[in-house]
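Q: I have this chain open and would like to go through it piece by piece. Can we start with the strands and then move to the helices?

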Amino acid sequence: MAFLLSGQGGQYPGMAAELYAEEPMFRQAVDACTQALAEGRTGVTIRAHLLGDRDSAQSATALNQTEAAQPALFVLEYALARMWESWGIEPVALLGHSLGELVAACLAGVFTLPDALRLVVLRGALMQRQVQGSMLSVVADRESILALLPEGLSLAAHNGPKDCVVAGPEPKVTAFAGQLAVRGIPTHPVATSHAFHSALMAPMVEEFVAAVAAVPRQAPRVRFVSNVTGTWITAEQAQDPEYWGRQILSPVDFVAGVNTLAGEPNLVYLEVGPGPTLSSLVRRILPGGTARLVTATLPHRRDGRHPLEAAQRALGQLWLHGCEPDWTGFYGHERRRRVGLPTYPFQRQRYWLERRTPSTTERPPVRRPDVSNWFQVPSWERTALPSARPDREGERWLVFTDALGLGAAVAARLRAAGAAVMTVSASPTWNRWAGGHFTIDPQSSSHYGRLLQALAEDGPVPSRIAHCWTVTDAPAPQETPQDDATSLQLGFNSLLLLSQAFNGLFDQADRAVWVVSNGIHDVVGSEPLMPLKATVLGPCRVIPREHPGLAFRSIDIVLDGSPVDAHAARLVAEFAVPPAHAAVAHRGPHRWAQTYAPAPLPPSEDGASALRDDGVYLITGGTGGLGLVLAAHLSRPGRKLALMARTAVPVEGDGELLATRPGGPGATGTARKLREIKQRGSEVLIIAADVCDPAQTEAAVTRVTDAWGRIDGVFHAAGVAGGGLAQLKTLEEAAAVMGPKVAGTLNLERALTPLEPDFIALFGSNAANVGDFGLVDYVAANCFLDAYAHSRASTAESSPRVVTVDWGPWQEVGMAVTTDLGNGLAHARGKDVAERGMAPADAIEALERGLSASREPQLIVTPVDARHLIEQAFTLRGQGQNADGRLSGLGAPQTVHPRPEVSSAYVAPHGTVQRQLCTMWQELLGIEQIGIDDSFFDLGGSSLVAIQLISTINKSLDTALTVAQLYEALTIARLAALVDEGGVDPVESARTSLEEVRNRAGSRRRQQQNRMVRSRSRRQQ
């Protein structure tokens, strides 16, 4: 038995509360430690942090400070070790990580408990007082890092074969991250205030060594591994004060330590700490053929299991692997009755799916090194209008007709050409009328299903769709989320629900959807624009990437007084061209296609800036990653900054509430960055307000003007990244993602109306132009921002200036870095950020140039040509197409694991289809034996795996299954039935409209996410 003792990083409030209440030996050990701390007059009080409320913001803030975190972790780990010993589980070896090595030394008898506690308190306090620095996690092997490591930086930890941590001064760490990004090496900043295990800790060593020399030291009674050497510590080293000084400065060689333990036969591993951090690292380090138990005492803090349940489950695992518990000690404080028990524990096992090196023939992007060449703008080029096909005999069309008669005119022309045409109009109620006309509620998923059901009764469901619901009369004087909700209902919502209904049809025929609108695009500069309609571009650009059988094209027209039949004639001619990514606009007799043109912005020769030296600036999303970077750049003496974010937490030592937002650096990191911003000379006002709420937005603006009299500029950086397949997206989920950018922008416009700031800078995303896979709502929201900026530029009253900046990914901060996409796509996204990400300093420079030297309402800022990004964007290929290289590169695991313990009994496949499906599941999931009744999610399935699996099945079995059908079936038996029976009947599929499927799938995904800890392990101090 080897105990693994954690270092700093995994602590959280209340981490000892449940065990303290229920386990006497644990409670006695905690009391002994806290009493020793009090008697030693250390001045450290950690009891409330260990035993208090998990949601205590005060304790969370305190435990983010090294001087409190290290004593708290020592007490927890010491008490856990004593609890295990009382249960008869005693280690023959110990391996600690950083601070954990001091716990190991105490358990081994090198230090007495009171002396060890005094040393840990001193160590934490000394580290807290050192110069602040940064730490960077790097996905690379140790040799590569050491070869590239510049002077002034230190290798702080070697946590895995390709898992290293670098530490040092923040500017040098940031510069090194940029160098690695150029080489395509992924990095991630570690949330910490100091550069542990680096030269920045050197000033504390002398005092700490003297403290160690002042206490008695004994030779270890239990072997433990040295962090410095990675081998068994000698008695001389353990008793040498200078060794403990070197331990502070030297890198933690955790990989060598694990390999040292691996040399001991029959050793099992038990993590003794606040979660499964080290056990996860050990599993990655152990050789693939090593079948050893690695388990943890306590669950991850986000795991819903009770800590005692987790500890007892670990005890059961140890018993199965040959450890003999002391049941007398385990039950000594309880009265028990003998009951019959199963002969084995019900346990879950988790299997890591290793990534393969992607094999791809993609054309790599050409990165432009000069910031001047990062700017592009949307442009339009004249193209010939195709000739209308005179004969459409045999075609089946579905036309969504508008209130102005354009859709009806289109339907009439198609019928005249020989097509069978059904029409559908918007209405609060469902109806089916004679002549193939229907009415449906645009917001009702079930109505779309009933529509497809009715269409299927009369023949094949139409494969050509003209959606004209976003053709309306004229823009309202002022768009608001309330007054113009119809634009979203008839546009984005309708297209999302329609695509979901089509996705549920087993026929999976290729379908073409032309989305006709007016008021979206600024082509000639005089069109009346209605920005909310631009959200239709989200489905138009994203759904074809997720569902290759659904092709979309956006066609924008202008109602210029011409007869609707003239517009209809041009549209029917347009339908001769298959839909594609690029939007099309009809202006008069001309056809225009959207493209993107370079718009270089060299540095200003006279240094002119749109920013005032004494300016007052409001930043929404102000405490997020981008907001704080921007605030740090803006801060200088004389300027005033108002940072607005939607939630608030108390800050230690500060009476005001600090607003924070998801994707930000956390309360402690935010507080530190705000102190740095204030130190630059600006006055800073923190405002907790939700930009989606009009009253809160108006109150926030009023608070700024009451304090400083005016607002000179606004940076609207608030946003929610979203994520998830469109076919499983609910309208409520989409609305939550779109709210900050859509409702938030309109609320800001209303609140700022009387103030006339110099500019409003909207932080958009180049995802709006590319149409990124899995981001239908996020893309729609950013398309709105683009259209909104163009609409403001085209009005006579163009003050204040509004500009949308469509950012490519920023390195280190922003949604491209923080969005959780799951293991597979996260790897692809990391590579993407490395290839075309922008260093924050360069992005800020680009923002300055855009505000000062350009009058364009929309600027795309990315080092890579936007057209290349559109061409190379990730797309799920259909049958007969080559799979996207980034998807195939994330394929079958390199190792195969035995069948896990799942709730279903193993049932062998029978029949050709079941055997083929079993083989595909086993190869992709890396499990050697899968039964036909095993649940996809219980086997470790995820949305990315589902995409791969369905793609493989369709290609191998010549079927057209969907991810939604996999989520509904979940087992091989049910999936095989779909294949054997030719799939579900289209009528039945249409009747369900996937609503029930999506609800159940969403519930299953949430349950799965609660069971599995998907976050990467926090790095050890």
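Q: How many bridges join β4 to β5, and which way do the strands run?
A: Five bridges join β4 (residues 154–160) to β5 (residues 163–168), and the two strands run antiparallel. Strands pair if DSSP finds at least two bridges between them. Helices and strands here are DSSP runs numbered from the N terminus: helices are H or I with at least four residues, strands are E with at least two.

Q: What stands opposite Gly 160?
A: Asp 163 in β5 stands opposite Gly 160.

Q: Where did these coordinates come from, and how are the residues numbered?
A: This is a predicted model, where local features need pLDDT of at least 70, side-chain atom pairs count only at pLDDT 80 or more, and totals for chains, interfaces and linings use all residues. Residues are numbered from 1 along each chain as its sequence is written, and side-chain values use heavy atoms, with hydrogens and water left out.

Q: Back to the strands. What order do they have in the open sheet of five?
A: The order is β6-β3-β5-β4-β8, with mixed pairing.

Q: Which ones are the edge strands?
A: The edge strands are β6 (187–190) and β8 (252–253), and each pairs on one side only.

Q: What about β27, how many of its residues are buried?
A: Seven of the seven residues of β27 (residues 759–765) are buried, so the strand is largely enclosed by the rest of the structure. Buried means under 20% relative accessible area, exposed means over 50%, and partly exposed is in between, with a 1.4 Å probe and protein chains only.

Q: Which residues point which way from β27?
A: Phe 759, Ala 761, Phe 763 and Ser 765 point one way, while Ile 760, Leu 762 and Gly 764 point the other way.

Q: Which way does β26 run next to β27, parallel or antiparallel?
A: Parallel: four bridges join β26 (residues 713–716) to β27. His 716 has Leu 762 in β27 as its bridge partner.

Q: And β29, are its faces covered or open?
A: Both faces of β29 (residues 858–861) are covered. Gln 858 and Ile 860 are buried on one side, and Leu 859 and Val 861 are buried on the other.

Q: What does β11 do with β29?
A: β11 (residues 375–383) pairs with β29 in the antiparallel sense over two bridges. Phe 375 stands opposite Val 861. β28 (residues 801–807) pairs with β29 in the parallel sense over four bridges, and Thr 804 has Gln 858 as its bridge partner.

Q: Helices now. At what angle do α5 and α6 cross?
A: The axes of α5 (residues 66–86) and α6 (residues 99–107) cross at roughly 40° and come within 10 Å. The two helices are therefore oblique to each other. Angles under 35 degrees count as roughly parallel, over 145 as roughly antiparallel, 65 to 115 as roughly perpendicular, and the rest as oblique. Axes are lines fitted to C-alpha atoms, for helices over the stretch in contact, and angles run from 0 to 180 degrees between N-to-C directions.

Q: Which residues make the contact of α5 with α6?
A: On α5 they include Leu 73, Phe 74 and Tyr 78, and on α6 they include Leu 102, Val 103 and Leu 107. Contact means heavy atoms within 4.5 Å.

Q: How do the residues of that contact divide?
A: Nine are nonpolar, two polar and two charged. Ala, Val, Leu, Ile, Met, Phe, Trp, Tyr, Cys and Pro count as nonpolar, Asp, Glu, Lys and Arg as charged, and the others, Gly among them, as polar.

Q: At what angle do α2 and α5 cross?
A: The axes of α2 (residues 24–39) and α5 cross at roughly 145° and come within 8 Å.

Q: Is Asn 747 buried or exposed?
A: Asn 747 counts as buried, at 3% relative accessibility. Asn 747 is in helix α25 (residues 731–752). Leaving aside neighbours within four places in sequence, Asn 747 is in contact with Val 691, Cys 692, Asp 693, Pro 694 and Thr 697.

Q: And Asp 980, buried or exposed?
A: Asp 980 is exposed, with a relative accessible area of 54%. Asp 980 lies in helix α36 (residues 972–980).

Q: Last one: how many helices and strands does the chain have?
A: The chain has 38 helices and 29 strands. Of its 1021 residues, 57% count as buried.
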